[in-house]
Amino acid sequence: MFEIIANFSHWAQLSANLILFGSFFFLAIVWQKKGVLEHPASWLVHLEKIFPWLAGVVVLGLIGILATTTGEATGHIANTWNPDAWIKFVQRTQVGLIAFVRILLAASLLATVALVLRKNRQRWHYVVCAFAASLPLIAGTFVSHSSADEMSFVAIAPFALHILLAGVWFGALPAFLLIVLNSQHESDKITRLLNASFLNQFSTIALPVMFLLLATGLIVADRMVEGYYHTLVSSPYGWLLNFKLLILAIILIIAYQARYKWLPLISQVDITDQIKDSITHLKKWVRIEFILALALMLVATVLANTLPAKHTIIENWPFPFRFAFETASEESIDEELFWFGTALFFVALSIAWIGIQLHWSWKKTIFAPGVLTLTAMGIALPPVTIEAYPETYLKPLIPFDAISISHGARLYAEHCADCHGPQGKGNGALAGTLSSGPTDLLTEPHTRRHTVGNFYHWIANGIPGTDMSGFSETLSEDDIWDVINFLHALSRGFDARLLGTMILPETPAIASPVFFYAANDGSSGDLKDFRLEKNVILVFFSWPQSHQRLLQLKHFYEKVSRDHNTEILAIPMQKLTDQEMEAIIDVVPFPIVTEGWSQIRDTYLLYRRVRTVPDLSGPGMTPVHMEFMIDRFGYLRARWNAQFEGFGWQNFSALSQQLDLLSSEDEIMPPPGDHAH
């Protein structure tokens with residue numbers, strides 16, 4: 001019952017507000033001199049009678065939204081009916097404050113409508129009313145999904161434009177319907193032709209507005225999906241969005257028919273049976289369009305209160321396959337088939353468009369392009385269709401951090417290394433005894449081609465037809481995620497061999513594994529604490545081998561911190577005695593990690609490889625001293641492996657130049673996610 005009241009309040013106020021905005025917008029465009037539109041039987045008189053009622057519905061609906069939101073947010077349904085709780089909610093929360101502002105704007109709209117209807121109206125009166133009606137709609141975008149992740153103009157503007165475009169189209173439908181009904185009974189030729197001109201004016205605007213509405217809707221929806229396109233067919237948000245698009249497609253077909261088939265006929269001077277039929281069709285289909293529009297608003301209301309697709313956890317993928325467009329190799333016949341099928345699909349669309357323009361029969365217009373479309377799908381989809389499992393789109397429960405990666409490394413060494421090899425190259429001690437060679441997890445882009453859910457399925461259940469057995473009874477769920485995180489770090493670490501002591505400007509590619517730490521100076525925190533604030537240099541040192549480098553950094557530290565907005569964190573490569581720690585503290589002015597250092601070291605050793613020695617392993621190959629440069633957005637941008645990359649950052653001018661480049665960069669990519677994908 002509570003949810004029904006909440007959704008009804010959202011739907012009622014939104015529909016009423018959109019009708020008011022669209023009607024005022026329409027009247028501002030078609031306004032004629034007073035005597036032309038204001039005779040007692042005019043459609044305008046009937047339309048204006050509903051304006052105060054609609055404005056009242058907007059006020060009451062927004063009060064209902066404030067009440068139900070208060071009850072939901074406080075966790076006490078009784079607060080829905082408690083005005084004192086509403087006041088506290090408004091005073092203490094941003095959502096409550098915005099709800100209150102919307103009520104004030106709606107009350108202002110009601111007052112504006114009441115005042116204007118008392119006046120001898122002119123075009124500018126409707127412009128003012130349209131502006132007043134737009135304000136509650138725009139204010140509503142500040143509590144939408146679009147503003148939940150980022151309260152900024154870039155985030156909110158597309159949704160605000162989308163909702164206003166919806167008003168321009170949907171809000172004018174009642175006026176359109178009233179004009180059609182008036183035309184059916186109108187015997188005066190001049191008035192009938194004038195009505196036809198109004199309908200043509202609206203239709204001329206409505207069709208491009210509908211396409212803009214679709215475009216802005218896709219922009220907003222894409223932000224709610226954020227690349228997780230599989231959720232469109234596996235989440236409540238996705239199915240609701242598909243249903244909304246289906247309704248919109250039907251409405252577009254009706255609008256197209258009205259614009260190019262029925263409206264041109266009723267603009268003729270003499271009344272004929274054909275004109276009467278056109279008016280009858282318009283009356284029937286505009287009613288249907290209005291009912292569909294109300295249904296569309298209801299779906300949009302439910303959608304606005306549904307968890308966005310990008311946050312949905314797909315625990316059970318319902319299909320035995322998925323589409324993976326990255327699987328087609330650039331040099332394979334699969335790639336050629338995919339693009340040939342895609343081209344054929346666009347040919348089918350072109351033929352359908354030509355058929356519509358040339359007024360082919362519906363059988364020709366649908367049958368030929370339909371057969372061609374099915375053929376195109378049969379050619380294009382198989383190359384990008386791969387096997388999927390119930391866990392394919394399962395999201396990791398464990399964050400991609402140093403603790404998980406370090407633990408996953410130990411589990412991998414115990415359970416996987418014998419077959420896949422200590423470095424994941426598929427050359428383990430037992431590899432030669434297996435019926436099929438183990439997958440190379442290091443040098444091939446295996447982790448990029450498959451989802452973490454696929455890895456979870458294979459590790460938990462094994463791979464049929466191979467010697468890979470499942471570990472669901474040996475490893476816990478968290479253990480499996482730790483192994484998956486290690487495999488991703490292993491693969492990214494191999495990619496990190498392309499890093500060097502000089503950054504590639506504006507090309508962040510590798511996410512820096514996060515970690516929690518505590519330091520000797522009492523400071524503690526997470527690597528993410530520095531995001532959007534400072535660059536970070538991680539110094540992995542050995543004692544006493546790194547003594548001279550630490551002395552250098554001591555002299556640079558103040559300039560690095562002050563002039564280059566950069567923090568230095570020192571991480572030991574081995575366990576330090578109390579005496580060694582005291583000696584290091586005398587040298588090092590920056591924080592020395594004392595808790596979490598071993599997990600951080602184990603994780604970042606995976607990123608040790610360099611171009612000249614891409615396979616660092618074996619005795620004497622573990623670096624004695626390494627430094628990593630991390631930008632303020634969380635990406636690993638440069639690395640100096642002192643054992644294999646020469647003089648490196650011992651020249652302070654070279655180091656400062658790189659830091660200057662980092663500090664001058666704007667945000668190119670969003671900070672990396674907390675989980676492997």
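Two exercises on a predicted model follow, each with a worked solution.

Residues are numbered from 1 along each chain as its sequence is written. In this predicted model, local features need pLDDT of at least 70, side-chain atom pairs count only at pLDDT 80 or more, totals for chains, interfaces and linings use all residues, and side-chain values use heavy atoms, with hydrogens and water left out.

**Exercise 1.** Determine how helices H4 and H6 are oriented to each other, and characterise their contact.

Solution. Helices are DSSP runs (H or I, at least four residues), numbered from the N terminus. Step one: take the axes, which are lines fitted to C-alpha atoms over the stretch in contact, with angles from 0 to 180 degrees between N-to-C directions. The axes of H4 (residues 51-74) and H6 (residues 94-117) come within 9 Å and cross at roughly 170°. Step two: apply the class limit (over 145 degrees counts as roughly antiparallel). H4 and H6 are therefore roughly antiparallel to each other. Step three: list contacts (heavy atoms within 4.5 Å). Among them, H4 supplies Phe-51, Leu-62 and Leu-66, and H6 supplies Ala-99, Arg-102 and Leu-110. The contact residues divide into 16 nonpolar, 3 polar and 1 charged, where Ala, Val, Leu, Ile, Met, Phe, Trp, Tyr, Cys and Pro count as nonpolar, Asp, Glu, Lys and Arg as charged, and the others, Gly among them, as polar.

**Exercise 2.** Identify which helix gives the most to the lining of the largest cavity, and describe that lining.

Solution. Step one: H10, H11, H12 and H13 each supply at least two lining residues. Step two: H11 gives the most, with 4 residues. Step three: the lining divides into 9 nonpolar, 1 polar and 2 charged residues.

Terms used. Angles under 35 degrees count as roughly parallel, over 145 as roughly antiparallel, 65 to 115 as roughly perpendicular and the rest as oblique.
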